[in-house]
Amino acid sequence: MNALEFPILSLMTYLPLVGIVVLALLPKESKNGIRWTALAFTVADLLVSLWIPAYFDSTTAEMQFVEKVSWIPSIGVTYFFGLDGITLWLVMLTTSLSVITVVCSWESVSMRLKEYYAFMLMLETGMLGVFFSMDFFLFYIFWEVMLVPMYFLIGIWGSDRRLYSAIKFFLYTLFGGVIMLLGILAVYFYHGAETGTYTFDIFELMKVSYPSTPVVTLLGIPLSFQDLVWLAFFLGFAIKVPMFPFHTWLPDAHTDAPTAGSVILAGVLLKMGTYGFIRFNLPMLPEATQHFVPMIMTLSIIAIIYGALVCMVQTDMKRLIAYSSVSHMGFVMLGMFALNFQGVQGAIIQMINHGLSTGALFLIVGLIYDRRHTRQISEFGGLSKQMPVYSTLFAIIMFSSMGLPGLNGFIGEFLILVGAFKVNYVYAAFAVTGIVLGAAYMLWLFQRTMFGALENPKNANLPDLSARELTTLVPIVIMCFWIGLYPSPFLSRTEASVNYVLARVHKTVTTTEPYLSESTSPAAGQVEVAPEPGHEGSVLPVKGSAASHVEGSR
C-alpha cells in the first residue's frame, strides 16, 4: 500500500546522498556555504518526512508506502522498502535529530567541515535505510553502512581517547553484525530448503515455522534451530542496544564522540537494537522468544539498576548520561519482553522518549562544554544565576528523563511497568527501584551544577543560550510536553502493528496476514488477537477510532 503513489521512502533515504555530492562541489574555504548546504538537505528531508504521518493509516497493520522491485533475482534479493507503526516515529525522530545535530555543530566544529557534514548526511541515509528495509540483504547493507560515518565522527572529531573509542565501537558492532549475518543466512537457507524458493524478503521468511525441537546442548541447555538463530540475532542487537553485559563500548563512545555524534548515537543508533528485536526476533522466532524471556527480563533488571548505580559515582557529565542510557534501554527491553500490549507499546514509545530526553541531555552538556571545555561536574556550581534560560531548559529535560508526570518519560515508563506487572510483580518492583535511583542521580547532577554559590571565577561570565542554541533545545522540549500531555496520536499509530507482532508471538494469527501479500502492495487482511487482561480481544485492522481504542485498553 502506497497512499502517495511515489517512492517517498527512497527519496527520504537518498536525499542526504545528493547533499554529499553538492558538498563535494563546494570549496573547502566556504565554511558557511558548507554548513547551510548540510542544513538545507537535512531540513528538506524532514519536510519530506512530514508527509508520512499525514498519510499514515493507523487502522491497519499493513506495510505502507511500499516500494518493491526485484534487485538480484539470482539469490532472491528484492529492493523492498516499507513502513508501519513500529518504524513511523523512529523515522520522524531520525529526520528531526539530523537537523538538530547540524545546527548544534554550527560553531563547535570548525575542522574539516566538508568531511564532517558529509559523514553526518551519510549516517542519516544509513539510519533511514535500516528502518525502511524489509529485505534482509538490504537491511544488512544499511546496518553496516552506519558503522563507517560514526567511526570517523568519533575518531576524527572526538575528544581525548577518540581513536580508542572509535575502534572499540567499530569492532563491537561489527562483531555483532557478523554473528547476525549468520542468523540471516540460516533462515535464508532453511526457507529455501523447505519451500524451494530462496529469498531475503523478511515477510516471506516469516511464512515458515522454524524448528523448535532441541538439536544441540550448550552449557547443559538444550537449544533448537530456532533458539540458535534467535541467539545470533540477539548478539547483534544486544550489542547495539546496548544490553548488560554488552554495554562496555557505550560510555567510551559517548564520552569521546562530538556532541552531534552523541546525540545521534543515543537518539537513534541505540534504537536499532531494540527495533531489531521487535521486527525480527519476536514475530519470526516466537517459540525461542518465549524461551528466552526469563533471561532477557533478568538482564534488563540488572541493566536498569546497575546503570543507575554507576551513574551516581560519575564525575564526568557526559559519562553519567551515557550510563543512564544503559538503565533507560533496560526499561525498553523489559517492556518489550513482557510480550503484552501495554509493555510492547510502552517500549516503542519509550524508544522515542529516550531519543528526545537523552539526546537533549547530550546537547545540554555540549553547550556548556563549548563554553568551558570541560565536562567535570566539580568545575561547575551556581550556573542558574549566570545562565537562567539554560538551567530552566536543563531542568525540564532532567524531569523528562526522570519520568515526571506531564512529560514524555512518564508515559513510556508507566506502560512498561503495567506490562511488567502483568507478567510478574517482582519485575515491576525492581524496575521501580531503577526509577528512584534515576531521579537520585539526575537531581544530584542538576544540584551540583546549577545550584549553590557561583564560586569558580571561570563561570562568572558565561553567556546564556543564543538564538541558534535555543533552536536545538526548544523543539525537543515542546515534543516532551506534547507526548506527556497528549500521547494519543503517538500511541494510536503504533497499536495495530503492536497487536500484529503479539499475534505472531502468541501464535494467534488465524486469517490472511496483512504483511505477507505476494503483491507489491500488500493486501489487507485480518489478524485475530487472543484477549489479554486490560486489552480484550480485538481484530486487526482496527475499526473505529484508534485513539479511543488505546484509551479503552488501559
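The following legends describe close-up views of a predicted model.

**View 1. Helix 1 and helix 2 lie roughly antiparallel to each other.** Helix 1 spans residues 8-25 and helix 2 spans residues 31-49. Their axes come within 10 Å and cross at roughly 175°; because angles over 145 degrees count as roughly antiparallel, the pair is described in that way. On the side of helix 1, the residues in contact include Ile8, Leu11, Met12 and Leu15. Among those that helix 2 contributes are Ile34, Thr37, Ala38 and Phe41. Sorted by class, this contact comprises 13 nonpolar, three polar and one charged residues.

**View 2. Helix 18 meets helix 20 in a roughly antiparallel arrangement.** The axes of helix 18 (residues 388-402) and helix 20 (residues 425-450) cross at roughly 170° and come within 9 Å. Helix 18 takes part through Tyr390, Ser391, Phe394, Ala395, Met398, Phe399, Ser401 and Met402. Among their counterparts in helix 20 are Ile435, Gly438, Ala439, Met442 and Phe446. The contact of helix 18 with helix 20 has 13 nonpolar and four polar residues, and no charged ones. An α-helix has 3.6 residues a turn, so residues three or four places apart point the same way.

**View 3. Helix 6 is largely enclosed by the rest of the structure.** Seven of the 10 residues of this helix, which covers residues 136-145, are buried. They are Phe136, Leu138, Phe139, Tyr140, Phe142, Trp143 and Glu144. At the N-terminal end, helix 6 is capped by Asp135. A side-chain oxygen of Asp135 lies 2.9 Å from the backbone nitrogen of Phe137.

**View 4. Ile75 occupies the loop between strand 1 (64-72) and strand 2 (77-83).** With a relative accessibility of 33%, Ile75 counts as partly exposed. Leaving aside residues up to four places away in sequence, Ile75 touches Phe137, Tyr188, Tyr198 and Phe200. Ala260 stands 185 residues from Ile75 along the chain, and the C-alpha atoms of these two residues are separated by 39 Å.

**View 5. Strand 3 and strand 4 form a hairpin.** The two strands run antiparallel and are joined by four bridges. Two residues separate the strands, and Leu219 in the turn has a positive phi of about 55°. Of the five residues of strand 3 (residues 214-218), the number buried is zero, so this strand lies largely in the open.

Notes. Residues are numbered from 1 along each chain as its sequence is written. This is a predicted model: local features need pLDDT of at least 70, side-chain atom pairs count only at pLDDT 80 or more; totals for chains, interfaces and linings use all residues. Side-chain values use heavy atoms; hydrogens and water are left out. Axes are lines fitted to C-alpha atoms, for helices over the stretch in contact, and angles run from 0 to 180 degrees between N-to-C directions. Angles under 35 degrees count as roughly parallel, over 145 as roughly antiparallel, 65 to 115 as roughly perpendicular and the rest as oblique. Contact means heavy atoms within 4.5 Å. Ala, Val, Leu, Ile, Met, Phe, Trp, Tyr, Cys and Pro count as nonpolar, Asp, Glu, Lys and Arg as charged, and the others, Gly among them, as polar. Buried means under 20% relative accessible area, exposed over 50%, partly exposed in between (1.4 Å probe, protein chains only). Two strands pair if DSSP finds at least two bridges between them. A polar contact is a pair of N or O atoms within 3.5 Å; within protein, one must be able to donate a hydrogen and the other to accept it, and residues adjacent in sequence count only if both atoms are side-chain atoms.
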